[in-house]
There are 2 protein chains.
Amino acid sequence: MDAKPEGRGKGRRLRCDAEANRDRIIEAARRLYGSEGLSASMAAIARAAGVGIATLFRRFPVRSDLVAAVFADAMEANRDAAAAALEAPSAWDGFRGYVIAVCGLQAENRGFAEVLTMTSFGSAKELERHRQEAVDAFGVLIERAKDEGRLRKDFSPEDLPILLMANAGVLTAAGEAGPESSRRFVGQMLRAYAVDSAEELEPAPPSRRLLRGMIRQRRTGA
Amino acid sequence: MDAKPEGRGKGRRLRCDAEANRDRIIEAARRLYGSEGLSASMAAIARAAGVGIATLFRRFPVRSDLVAAVFADAMEANRDAAAAALEAPSAWDGFRGYVIAVCGLQAENRGFAEVLTMTSFGSAKELERHRQEAVDAFGVLIERAKDEGRLRKDFSPEDLPILLMANAGVLTAAGEAGPESSRRFVGQMLRAYAVDSAEELEPAPPSRRLLRGMIRQRRTGA
DNA sequence: CCGGAAATGGAGCGGCCTATCCGTTTCATT
DNA sequence: AATGAAACGGATAGGCCGCTCCATTTCCGG
């Protein structure tokens, strides 16, 4: 009796229509978070998913549950990028490649840019585990690249979160000019980290486009 | 008849009690914008100033009017810093000093950090003029420092707004660890800009403090 | 000291947000 | 097909926001 395959409290299987709705919600949230950042409202997400608000809240009682579900795969991509970097021909190549990759993930998705600059995702055990795995791999890369003599000795593991915060700032403030500005910015950071600083730079966006991007950001920011 | 000393439409003198209230509003707004950023609500500012909401809106019909009034002097300080940098013993010293100064202004006031990453302050002629004067002076510094052989030839004037966006990102995302993180970050950027990269670095904040700062930022950001 | 212009502040409107309640519909099992 | 549990979604409560209207109070020049 009650030998249902539940185990953990939340392990109950969803009815298949509920499962479908859950997927549509996550898909819609991925779109909205990607373009507007984490400030997208629950109501807007429900509307975009074509479900009632109650359905959204029943499935994801607190906002961070939804955020964790949406960005699980992006965080896994992050972890994979770090793991791949460990296999690069040189530690510096791996270091450089990972930095470019993770900042590129931020550029592709404004919501993920914010997620990477936040801690304390209460219940999202798996998300935090993947983040930690990436951080650990990056720590190994740091040591190897220093031993190689290509990474400055005063580079600190804390410089990664600081870089991610800075890059997120560029992306949100520059609006449509964000991606290209970010690529140039990351190139400059790599120059700062490297011992020899031979990094090539993406050209700066023309001032007009940068200014236009800064205007569009107004509404969102304030 | 109607020979009052008005001239421009808005030139009418305020009654002295109104003038006093205006000052109290600006003072309160300076405090709130400084600590919470530009998202501080009009109602909160009126409350902090001890005036009615109507008084605030009568004096500053749109938000940007208030923002411009509050940050007029900070923008002037920015202009002065740029002007002072032109007098430095070497162009690179001036360049470096100005970058540190303007990023320091951002660190002291979250609202000003946002103002420096926004364009289009509709009516704030004077604010925009001071901003432009700083930009112009910085442009001269760039050329001189390149001629000196200390600043990389591929540095672009657009790198200044990008730096300000990045620094604002660090400050808002790092919370209480913002100022020290920002100082380290700015040092790294100077390494990236310089030809010889001898810039000393502020030590990285201990990871615990950085993480704590990232948590506190949650509410504000989403 | 007095009268009118200037200034005040709070009630109130419409909008958007999170979150919950509850009557109705849909699914899956027998 | 029947039936009970699961899922649904709209209505709604409660809060904060920007902004306006208007009855009342305060200042200042004659």
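The surface near DNA strand D is made up of 13 nonpolar, four polar and six charged residues. Here Ala, Val, Leu, Ile, Met, Phe, Trp, Tyr, Cys and Pro count as nonpolar, Asp, Glu, Lys and Arg as charged, and the others, Gly among them, as polar. This is a predicted model, in which local features need pLDDT of at least 70 and side-chain atom pairs count only at pLDDT 80 or more, while totals for chains, interfaces and linings use all residues. Residues are numbered from 1 along each chain as its sequence is written, and chains are lettered from A and ligands numbered from 1 in the order in which they are written.

A residue is near a molecule or strand if its C-beta atom, placed from the backbone, lies within 6 Å of it. DNA strand D has 23 residues around it, and A:N21, A:V51, A:G52, A:A54 and B:S41 come nearest. Two or more residues of this surface come from each of α1 (16-36) and α3 (53-59) of chain A, and from each of α1 (16-36), α2 (42-49) and α3 (53-59) of chain B. Helices (H or I, at least four residues) and strands (E, at least two) are DSSP runs, numbered from the N terminus. The largest share, four residues, belongs to α3(A).

Now turn to DNA strand C, which is surrounded by 22 residues, the closest being A:S41, A:A54, B:N21, B:G52 and B:A54. Two or more residues come from each of α1, α2 (42-49) and α3 of chain A, and from each of α1 and α3 of chain B. On this surface α3(B) gives the most, with four residues. By class, the residues near DNA strand C are 12 nonpolar, four polar and six charged.

The two chains also meet each other. In all, 38 residues of chain B are in contact with 38 residues of chain A, where contact requires the C-beta atoms of two residues, placed from the backbone, to lie within 7 Å. On chain B, α8 (159-174), α9 (178-193), α10 (207-216) and α11 (218-221) each supply at least two residues of the side that touches chain A. Of these, α8(B) has the largest share, 10 residues. The copies meet through the same surface, because 100% of the interface residues of chain B are also interface residues in chain A.

How are the two copies related?

In chain A, 15 of the 16 residues of α8(A) are buried. A residue is buried if 20 or more other C-beta atoms lie within 10 Å of its own, exposed if 12 or fewer, and partly exposed in between, with C-beta atoms placed from the backbone. After α8(A) comes A:G175, with a positive phi near 55°. A:S197 is not a glycine, yet its phi is positive too, about 60°. A:S197 sits in the loop between α9 (178-193) and α10 (207-221) of chain A.

Finally, pLDDT is the predictor's confidence in each residue, from 0 to 100. Chain A has a mean pLDDT of 92, and 91% of its residues reach 70 or more. Over residues 1-10 of chain A, however, pLDDT stays under 50. Where pLDDT is low, the predicted coordinates should not be read in detail.
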